[in-house]
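I wanted to read this structure slowly and to write down each thing as I looked it up.

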Amino acid sequence: MKFFFVLLNACCDFDEDTKVKNAGTANIQAEDIGLIFDWWPLDDLFTSHPEIFCTERLKYLLSAHHLPFSGLTFEEVKRIHTGSNWEENYPKARPGNYWHIRVHGTPLLDDFGTWSEKRYLVVSERAINFLFLNHVTDMMGGEINMDIAEYFSIYEKLLESNNYQTLPPRIFDLIRLVEVLKYSSKSDISLT
């Protein structure tokens with residue numbers, strides 16, 4: 001099975017009551033999370049570094065899938081706030097309900113896992129294809145096609161050489177999807 005490094009969009013901040021541990025280190029973690037939204041999330045799966053969140057819709061779909069996805073659990077985000085940009089652009093709208101995803105799987109084994117204390121997200125091809133079909137199409141990253149330690153070592157060297165200004169390419173390839181749909185039956189579709 002193929003596995004992918006996934007970098008998600010960020011669309012929110014933590015509120016002032018969120019507890020942050022290990023700030024200033026690679027192993028930063030947030031607990032008792034509240035979120036502040038200034039914009040609607042682009043995808044149903046998104047981040048406020050280093051934590052991962054999803055919409056209630058995606059949480060339901062991931063939880064109810066006939067073949068459960070391994071390596072993740074969900075905690076409801078109890079505090080949702082809006083910022084000034086939200087209030088200006090969407091004065092009558094309220095953000096939805098969101099879930100904090102705790103990724104605890106082993107990379108290259110479970111559908112969702114993290115690599116190193118930096119918590120690089122590693123997702124199986126099966127989960128990637130499911131996400132593409134369920135409003136998560138703006139992910140960046142790439143296929144891990146070598147030893148995972150070597151893959152992330154190369155990635156970190158690339159980041160450093162470009163002064164941390166380079167983003168990986170988008171994983172979803174709309175042109176390829178159109179070609180696959182033209183020439184394949186639905187049972188043969190692989191979006192990666």
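**Entry 1: ground rules and the whole chain**

I began with contacts, where a contact means heavy atoms within 4.5 Å. Among contacts in the protein chain between residues at least 6 apart in sequence, I found that 67% join residues at least 24 apart. I noted that this is a predicted model, in which local features need pLDDT of at least 70 and side-chain atom pairs count only at pLDDT 80 or more, while totals for chains, interfaces and linings use all residues. Residues are numbered from 1 along each chain as its sequence is written, and side-chain values use heavy atoms, with hydrogens and water left out.

I then looked up the helices (DSSP runs of H or I, at least four residues) and the strands (runs of E, at least two), both numbered from the N terminus. The protein chain has 5 helices and 13 strands. Its radius of gyration is 17 Å, close to the 16 Å that the globule rule gives for 192 residues, so the chain is as compact as a globular protein of that length. That radius is taken over C-alpha atoms, and the rule is 2.2 Å times the number of residues to the power 0.38.

**Entry 2: helix α3**

For burial I used relative accessible area: buried is under 20%, exposed is over 50%, and partly exposed is in between, with a 1.4 Å probe and protein chains only. Of the 192 residues of the protein chain, 44% count as buried. In helix α3 (residues 125–132), 7 of the 8 residues are buried, so the helix is largely enclosed by the rest of the structure. Among the buried residues are Glu-125, Asn-129 and Phe-132. I saw that the buried residues of α3 pack against β1, β6, α1, β11 and β12.

**Entry 3: the sheet**

Two strands pair if DSSP finds at least two bridges between them. With that in mind, I found 4 strands forming an open sheet in the order β11-β12-β1-β13, with antiparallel pairing. The strands β11 and β13 stand at the edges, each with a single partner strand, so one side of each is left without a neighbour in the sheet. I counted 4 bridges joining β1 to β13, and I noted that Phe-4 stands opposite Glu-143 in β13. Helix α3 packs on this sheet, touching β1, β11 and β12, and its direction makes about 90 degrees with that of β12. Axes here are lines fitted to C-alpha atoms, for helices over the stretch in contact, and angles run from 0 to 180 degrees between N-to-C directions.

**Entry 4: the cores**

A nonpolar core is a set of buried Ala, Val, Leu, Ile, Met, Phe, Trp, Tyr and Cys residues joined through side-chain atoms within 4.5 Å. Of the 24 residues in the largest one, Val-6, Leu-45, Phe-112 and Met-139 touch the most other members. The largest share of this core, 5 residues, comes from α3. A second, separate core of 12 residues includes Cys-11 and Tyr-98.

Most residues other than glycine have a negative phi, and most peptide bonds are trans. Which form does the peptide bond from His-49 to Pro-50 take? I found that this bond is cis, with omega near 5 degrees, and that Pro-50 lies in the loop between β6 and β7. Asn-163 has a positive phi of about 55 degrees, and Tyr-164 has one of about 60 degrees. Asn-163 counts as exposed at 54% relative accessibility, and Tyr-164 counts as exposed at 57%.
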